[in-house]
Amino acid sequence: MSPERGPPRTLAVVLPDLPLQRVLRARPPAGALAVVAEGLVRHATAPALAVGVRPGDSLVQARAACADLEAVPLDAVADRAALRALAEALLALAPVVELAPPDAVLLDAAGACLSGSDPEEAERVLAGRVLACCVDMGFRGRLAVADGKGVALALARHAGRERTRVAPGPGEGARALAPLPLAALDLPAEMARWLSAVGVGDAGALAALPAETLAHRFGAVGAAAGRLARGSDPRPLVPFVSETFPRERWDLEGEVGLLESAEPVLFAAKRLADRVAARLVGRGLGASRLRLTLLLDPRGEERVDLPLSRPSADAAAWLGPLRERLAGLRLPAPVRALDLAVVEAAEVPAEQLAVGDRPEVARALDVALSRLAARLGERSLFAAEAADRHRPEAAYRATPFRHGGTGRAGGAGAQPQPQPAPEAQPGRPTRLFDPPRPIVALGEGGRLTSLRVEGTVRAVLALSVPERLAGEWWNEPFDRDYYRARLEGLGEAWIFRDGRDGRLWLHGLFD
Amino acid sequence: MGTATRQQEILEELRRQIHRMERRPARREGVLACGLPEVEARLPGGGFPRGCLSSLRGGPASGKTGVALSALRQAQAEGGLAAFVDGRGEFYPPAALSLGVDLARLLIVRPGTARGELLPGLWAAEVLLGSGAFRAVAIDVPLRGVPAARAEPILRRLRAAAEKGGAAALLLSGPGDPAIPAAVRIDLDAVRLAEIDHVA
């Protein structure tokens, strides 16, 4: 017989004034600023509030109170994206995370008790980590832990100035909810109106109503509202799954942008890197290619692509290569904003370092590759991969040098398809001339005795049997007889006779 | 009491072992074998010294590239990364594959030969050697015709980078190239081609 399971322990973190927080997390500290929708002030910064701007004021009223007020339009899509960004980072702290729009994220806190003998203390530790994660991501949060997501959400949203509220166990939730207004329970409007009309003003009064009353009048929704008021919400969390790679932006407006020094930009990039890395950690991913876009003032942009030698979610490891790339940039205008995006990512299994491991080597590799890519171009650095082609000059292809993982592009769902590697072909020269160099055969009585190679006549000391390579009739047909010839004063050469015109070519050397 | 003393001794020994491992210098010492007995017999210590510049001199088809690739294969067999700086644009990876080189762990740097510049290849080699991330780096950059006064400081920097990073630096050079200030020099023309046939 299995033990009876109560509502799941849930942590709710609420971001008060999320539209305002979302604006402020992507720019330097602002003065008087208000988020405006439909001509009305919805949220305002402390300097704006201090001079009399109030949420609900019309923009005209607000400007009358504060002439310097900066008005930013409400952007619900961006707010939702900011909430998703936080949810991604919080995935590192809980097995399941749920978005609770417009301003909250829910976490499965049931596992917190595994990290300590005292469940309440373990939940407090988890709460501390969640708040720290919020700060790292540029948010200010308020949270509560309780039985069930409805209870936790109500406590977090209406717990007043207290940043953390932990309701220890069954029954505690009901007691904590009792003084809260009905609005905290997020009831349907019709039910809220009826309850208000019959004199039920808070959650405690609602909990005291007979369960059948609400069920008779409002059906299942009414029964659920009664359970919630009594501190019980058995609904499971709906897992949040992110579909896109992380992207963060920082606005330098009002600050000195980059003209002669890369340091201000690098400083801003570090902030973005920390946030992007936190989001990758939450999803168990590592970036194998990043793109930093520098938006120039007044227009134009400069893109810096940063391939990494192996997937990594270590922001500190990205900074070395970033510094190298930024130091080599010559920008025509100051930078007004930065945008850091993950272009390719791969799953990174959790690894424990062994004694003697040197993670700094991986960082040094990334820095070295970045320096080379910045000066020589990305195409100058590659790893080779055998290709299943008979034409010698096409028998390999260049692939990105990725040490320790395979890159994944095009979104979280894309998976690399393993391909069987073609077998190595013996008897290939270590040097290949592309294009081949013409040579002239010299002989007596139909016998090849020497070859004129780049103006020098060299005696043929030995000649192998021919190896015929032909094909690609559908594109550019070729038909060649290859010989391995030992030439006096040179060594072994790879020559071929072109079947189309009979001419001889030097294609490589066995150096 | 005896058990406690024994535990204390074990702990002390473990501490000493950890201390030894932690103070292990970044620079790797000893030599990097190339797996070719005919070549190893001619090298002091039986291999290319780590943290040093070695010169592999020979004609266009003397087998020097094959020897370098064999050394890179050995470096990979030790669990390290290897790099090939292909300043001439002639390196043919399928040959490396047939020699047992793991192409996925071989970084190829082809700085471009259009302008015939010398510096990008040597600069790339310096960056790779100094990074400490590679166990062996083969450098194939045309040096013929470069005045010794210009080549010498660059090669000295290469040597310093190899010392810093601990990698075995294998510089391929031809008969007309300036003298290389290398710790080890091997003339592949002197090694009979028949002896290293299996390289190719």
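Two strands are taken to pair if DSSP finds at least two bridges between them; helices (H or I, at least four residues) and strands (E, at least two) are DSSP runs, numbered from the N terminus. In chain A, four bridges join strand 2 (residues 33–37) to strand 4, and these two strands run parallel. Within this pair, Glu70(A) of strand 4 is the bridge partner of Leu33(A). The structure is a predicted model, in which local features need pLDDT of at least 70 and side-chain atom pairs count only at pLDDT 80 or more, while totals for chains, interfaces and linings use all residues. Residues are numbered from 1 along each chain as its sequence is written, and chains are lettered from A and ligands numbered from 1 in the order in which they are written.

Chain A has a mean pLDDT of 84, with 87% of its residues reaching 70 or more. Within chain A, the lowest confidence is found in strand 8 (residues 164–166), at a mean of 65, and the highest in strand 21, at 95.

The contact between the chains takes 38 residues from chain A and 39 residues from chain B, two residues being in contact if their C-beta atoms, placed from the backbone, lie within 7 Å. On the side of chain A that touches chain B, helix 13 of chain A provides the largest share, eight residues. Strand 13 of chain A is joined by two bridges to strand 5 (residues 106–109) of chain B, and the two run antiparallel. Here Leu381(A) has Val109(B) as its bridge partner.

A nonpolar core is a set of buried Ala, Val, Leu, Ile, Met, Phe, Trp, Tyr and Cys residues joined through C-beta atoms within 7 Å, where a buried residue has 20 or more other C-beta atoms within 10 Å of its own. The largest such core has 107 residues, and those with the most contacts inside it include Leu11(A), Leu90(A) and Val130(A). Helix 11 (residues 263–283) of chain A contributes the largest share of this core, ten residues. Leaving aside neighbours within four places in sequence, the contacts of Val130(A) include Leu11(A), Leu90(A) and Leu143(A).

Technical notes
pLDDT = per-residue confidence, 0-100. Buried ≥ 20, exposed ≤ 12 C-beta atoms within 10 Å, placed from the backbone.
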